[in-house]
Amino acid sequence: MIDGALLLDKPVGLSSNAALQQAKRLFGAAKAGHAGTLDPLAGGLLIVLFGEATKFAGPLLDSDKEYVATLKLGERTSTGDAEGESLETRPVAVTAAQVDATLARFRGPIEQLPPMHSALKRAGVPLYKLARRGETVTRARRRVEVFRLEILSFASPLLELRVRCSKGTYVRTLAEDIGADLGTGAHLAGLRRTASGQFPVEAAATLDVLAGLSLEQRRRRLLALPRLLEGLPRAELDASAEAQLRNGQELTVSGLGEGLCALYRRDGAVIGLARGEPGGRLKPVRLTRSLAQAAEKHR
C-alpha cells in the first residue's frame, strides 16, 4: 500500500485524469486522486495523492495557487482561452504603464462571474456541457482574492503575468476582465501552475522522468503524510485519546483553538484531520487507518 503525494509537472495537452492514471500505473498504486484539476491546455504542478494521502485533498484544494498566465490582448474567444472560436478582434495600443494601472484594480478581493466553460454543475450537469449545447444559465458572482499580480513580460499583443490567488479563482475570467478593462479584449493563451500552497513546480517531476526511474526511485520522490499537513495547527494524542476519538467519544484538548487542525501520534505518525470547536472539543474530519487496520492491510 502506497501512502504519499507526488508533485507532478503535468504537460500541456493531457487532462488531469489522464496524468493521474499514468502516475497511478507508474507507482503501482491501488488508490489515487489529485488536489486540483488543471485543464488540458494548462501545464504545471499537479499534486497527485496516493492511498491515505487522498484523505487530505481538502486543505490542499483550499490553499493558494500561483500561475504564469499568458494573455493575448486584442482578441476575445467563445471559451475565454485559445481553444475557443474568435468572437472579436480589436487593435492593441496600450503601454506597459497602462497595463500596470489596470492590474492594480484586480489586486486584492475581487468578484468574478464563473465562466460557462467550467466544471461547475447545474442540476448535476457541468456547465461546459451546457455551453457545448449552446445553453447559458445564470451564475452567481463569487468573491475571490488576488494576492499577487505582476507583469513578467509584455510584447504586444502577448502579456505574461504572474498570478497568486485564492482557491476558486478563474484565471481565464481574470484574463477576460483585464482585457475588458484595457478596452482591447483578451483571452488566456497559455497557463502554467507554478505553485500550490507551499509546494513549487520546481520540486515536481515529469511523467517522462518518472518513467525512466526504478519503482524504488519513484517512491523516494513521494512526500510523506506529515508534509501535506505542514502549516496547520497540530495536536498530539496518546493511544487512549486516539482510541476515544476513533470510537466516536467526545474528546477535549486543552489549548486547542477553533478550526481545522492536524492530529499526530506521539511518534509523529499522522492520525488525521479534526476540527477544533468551542471549549476545546475535537471533532474528527478525516482519519487515517488505525494501527490495527494498517497491520491487517499489510497481512
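Helices (H or I, at least four residues) and strands (E, at least two) are taken here as DSSP runs, numbered from the N terminus. The model is predicted, so local features need pLDDT of at least 70 and side-chain atom pairs count only at pLDDT 80 or more, while totals for chains, interfaces and linings use all residues. Residues are numbered from 1 along each chain as its sequence is written, and side-chain values use heavy atoms, with hydrogens and water left out.

The protein has 10 helices and 18 strands. Its C-alpha trace spans about 70 × 50 × 40 Å along the principal axes. Of its 299 residues, 46% are buried, where buried means under 20% relative accessible area, exposed over 50%, and partly exposed in between (1.4 Å probe, protein chains only). Contact means heavy atoms within 4.5 Å. Among contacts between residues at least 6 apart in sequence, 67% join residues at least 24 apart.

In soluble globular proteins, nonpolar side chains tend to be buried together. A nonpolar core is defined as a set of buried Ala, Val, Leu, Ile, Met, Phe, Trp, Tyr and Cys residues joined through side-chain atoms within 4.5 Å. The largest such core here has 26 residues, and L71, L149, L161, V163 and I178 touch the most other members. At least two residues each come from β4 (65-73), α3 (96-104), β10 (142-155), β11 (158-165), α5 (171-182) and β12 (186-196). Helix α5 gives the most, with 5 residues. Leaving out residues up to four places away in sequence, I178 touches L71, T102, L103, F106, L149 and L161. A second, separate core of 21 residues includes L49, A53, V270 and L273.

L273 is also one of the contacts of L287, a residue in strand β18 (residues 281-287). Beyond its neighbours within four places in sequence, L287 also contacts E52, K55, L245, R246, L263, I271 and G272. I271 is 16 residues from L287 along the chain, and their C-alpha atoms are separated by 5.8 Å. L287 has a relative accessible area of 19% and is therefore buried.

Is R289 buried or exposed? R289 counts as buried because its relative accessibility is 15%. The R289 side chain makes a polar contact with the side chain of D3, at 2.9 Å. A polar contact is a pair of N or O atoms within 3.5 Å; within protein, one must be able to donate a hydrogen and the other to accept it, and residues adjacent in sequence count only if both atoms are side-chain atoms.

Another arginine, R141, lies in the loop between α4 (127-132) and β10. With 49% relative accessibility, R141 counts as partly exposed. Apart from residues up to four places away in sequence, R141 touches E111, Q112, L113 and P114. A polar atom of the R141 side chain lies 3.2 Å from the backbone oxygen of E111. R141 and G190, 49 residues apart in sequence, are 24 Å apart from C-alpha to C-alpha.

At the other end of β10, the loop between β10 and β11 holds P157. Most peptide bonds are trans. The bond joining S156 and P157 is cis, with omega about 10°.
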